Amino acid sequence: MNKPRILWTDDEIDLLRAHIIFLEEKGYEVETANNGTDAIEKVKEEFYDIIFLDENMPGMTGLETLTKIKAISPNVPVVMITKSEEENIMDEAVGSKISDYLIKPVNPKQILLSLKKNIDQKRLVTQKTTSAYQMQFGQIGMEINDRLTFNEWKDIYKKLVHWEIELSNSDDTAMDEILAMQKYDANKAFFRFVKENYTDWFTQDFNERPMLSPDIFKQRVFPHLDAGKKTLVLVIDNLRFDQWRTLSPVFNDYFRTDKEELYFGILPAATMYARNSMFAGLMPAEIKKLYPELWDDDDNEGKKNRYEEELIQKQLDRYRRKESLYFEKVSGIKKDRWVSENLQNIQNNDLSVMVVNFVDMISHARTEMDMIRELANNEKAYRSITLSWFQNSSLFELLKSLAETDIRIVVTTDHGSIRVNNAVKVIGDRETNTNLRYKLGKNLNFKSKNIFEVRDPRKIFLPSRNVSTSYIFAGNTDFFAYPNNYNYYANYYKDTFQHGGISMEELIIPVITLSPKK
């Protein structure tokens, strides 16, 4: 392994000989320069892992040298060392993107700490992260094998997401495989949990079951309205908890997180069921019964979500709420005045609901376009694309404007998604729906044991097309494929993100309450 290379520039470099010997004994290679001009020439000719730069040198100052070094090698870490504690010099140095700032006289331990922080941090973080996950691996494994409650499952999923994000920032890819195996085992156990308990949740009181899709407005939105706070409900379609955790630091620059929770989406974990249920405050079968004109048995997702604003208004009316409602569905290119017009509409209404489809569009595009599949070729890349979209979106510009107001924001989703790998054969009639993670129809035929079959949809408050309608749900990383052209579809949909079935990623989803920091 090559020694880390240091360039130390100081007009009194001879007085620092003891420091240089100390660093060489610690395994670093140190070159020196007496002035800024020599330092710049060395940077042009050689690569350095880090540069120590005296601020107060005759001729070219440290700050002038810093500017020229950054023009040549913008990514090299530079540590400014100076006798001056004047704030304006510190501000100018920090503004020039220095990596650290030390005040003379420096001692060897200060220098070593700066080196550890700036060039050894990645290695040290990887070692620490790997060691910490190894310690928790066995504990999480034992918890998965217990008979867990729904709250304990939320805690397990939080832990797995935490380690997934932590390990993705390290260089130890071997641990990624171990975590993926543990998530697979967890999802197998979670499938059994849902299969055994899901039906019972519809006969239990709210305190005895998890918060579900139809509870969201009553439990997490209406209390803000009751307190006289104007509220925006931001529904980011298909947003998983790990994606929220990736976005949350950006939100935290402008908003205070009052409450971060996980709730359980309903089955099927698909937009047409879960989002309609959230907006109506009812289960799908209840929507069809009470508002048949707002429910379409056609399985086309676009048609199923034509009446979202009407369903929200129906829920408000049912609870005799008089708040004014503004609804906006965001997809495609925004017009020039989109931010200002929406800001005004949100400020002028008591309750605003905004649906954002971009993450779901990425998921579908990844299935259909090779370029997107390459860009989002793993979970880390999928999160990265989500973050990049958000940071450069009109939605983010709108939220920054809302941070100047006193509006409460509830961020949530209707379902998540999981990357599928294993095709399972199923046979159905011509009217069977096309979703890969769940099927509804009559005479559904399958052999796999890892399927949750509901022969009487009334038990889980789902609508039936006829008396023979049943639903089946895939678990873990399975997806359904028909025997006709089985190999083609098994290969085409393998390693794509899908939703509708039973996994932690699809069903355990975030709901977050934010308030502006100002």
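Guide:

The largest cavity has a volume of about 70 Å³. A cavity is a set of points on a 1 Å grid over the protein atoms alone where a 1.4 Å probe fits but cannot get out; points are joined across faces, edges and corners, and the volume is the space filled by probe spheres set on them. The model is predicted: local features need pLDDT of at least 70, side-chain atom pairs count only at pLDDT 80 or more, and totals for chains, interfaces and linings use all residues. Residues are numbered from 1 along each chain as its sequence is written, and side-chain values use heavy atoms, without hydrogens and water.

Across the whole structure, two cavities of 30 Å³ or more are found. The lining of the largest (residues with an atom within 4 Å of a point) consists of D429, E431, L440, G441, K442, R465, N466 and T469. By class, one of these is nonpolar, three are polar and four are charged; Asp, Glu, Lys and Arg count as charged, Ala, Val, Leu, Ile, Met, Phe, Trp, Tyr, Cys and Pro as nonpolar, and the others, Gly among them, as polar.

L440 is also bridged to Y471 in β16. Strands are DSSP runs (E, at least two residues), numbered from the N terminus, and two of them pair if DSSP finds at least two bridges between them. β13 and β16 (residues 470-474) are joined by four bridges in the antiparallel sense. The open, antiparallel sheet has three strands, ordered β13-β16-β15. β13 (438-441) and β15 (451-454) each have a single partner strand, so one side of each lacks a neighbour in the sheet.

Definitions and conventions: 1 Å grid on protein atoms, 1.4 Å probe; cavity = no way out; pocket = protein on both sides within 12 Å on 5 of 7 lines; lining within 4 Å.
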